[in-house]
Amino acid sequence: MSLVSQVRGWARGHTGRDHYSPVGMTFHWVMAALVMFQLWWGWRIGRLPVGADKLDGYQLHSQVGLVILVLILLRGLWRLVIPGPVNDADKPGWQSRAAHLTHYAFYAILIVLPLSGWTMWSSMAAEQPLSLAGAAPWPQLPFDTLPRQTRYQLMSVAERAHLFAVITLLVMIPLHVGAALKHHFWNRDDSLAGMVPFLNPLPPRSAKPHGAPPPRSDRRQARQSPGA
């Protein structure tokens, strides 16, 4: 049995119970914490006067941003190898489609943000070294041979992309959190519980008029059937 098969078998022990694997949960919550830190830190840097403190602030911002870039790529690879659980958020309908589109949008934004930051740094601060989490050296993008005007243009485009991604993220995070809380407290399904260790879905508000809902295994099979 290959290592990938062993890992998939281990993960199915969690996803089969409508929970993300511990690895998937770790990716989610570590990246959520880093993103929130970056938003706050970027706001703080913008209010520092030009000088050594501001430069040190940008250094830390870049180091954490590169960590996010590595983590989002690893998380995407993990999801390709280990699909997440099929839970109540996967019911057919517009809410499920919106949830999946939001999921892909988060991936796109969390790639655009560090890439645009990397481009800005390499365009105008190539003499300042980059590092991953302050521990491993990180290469600059090969812009040093370009004319200064071209580097200014790259800087401008990357800066606009960075700002747009930040604004989009500031809109998406409250929507994402609100949807998760709605699923847990209003719909009382297993969407949030699947990503939070030791959290169970709330009991339904009232009994179903036509009997109990089908077992999760039957619901999962129905959602995965063609046309679902």
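Residues count from 1 along each chain as its sequence is written. In this predicted model, local features need pLDDT of at least 70 and side-chain atom pairs pLDDT 80 or more, while totals for chains, interfaces and linings use all residues, and side-chain values use heavy atoms, without hydrogens or water.

**Stop one: the largest cavity.** Select Thr-15, Tyr-20, Ser-21, Gly-24, Trp-78, Arg-79, Ile-82, Pro-83, Gly-84 and Pro-85, which line the largest cavity. A cavity here is a set of points on a 1 Å grid over the protein atoms alone where a 1.4 Å probe fits but cannot get out, and lining residues have an atom within 4 Å of a point. Its volume, the space filled by probe spheres set on the points, is about 50 Å³. The lining has five nonpolar, four polar (Gly counts here) and one charged residues.

**Stop two: the second largest cavity.** Now pick Tyr-20, Gly-24, Arg-75, Trp-78, Arg-79 and Met-195. They line a space of about 30 Å³. Helix H3 (residues 52–81; helices are DSSP runs of H or I, at least four residues) gives the most here, with three residues.

**Stop three: H3 against H4.** Show H3 with helix H4 (residues 94–124): their axes, lines fitted to C-alpha atoms over the stretch in contact, come within 9 Å and cross at roughly 140° (angles run from 0 to 180 degrees between N-to-C directions).

Definitions and conventions. 1 Å grid on protein atoms, 1.4 Å probe; cavity = no way out; pocket = protein on both sides within 12 Å on 5 of 7 lines; lining within 4 Å. Helix = DSSP H or I, 4+ residues; strand = E, 2+ residues; numbered from the N terminus.
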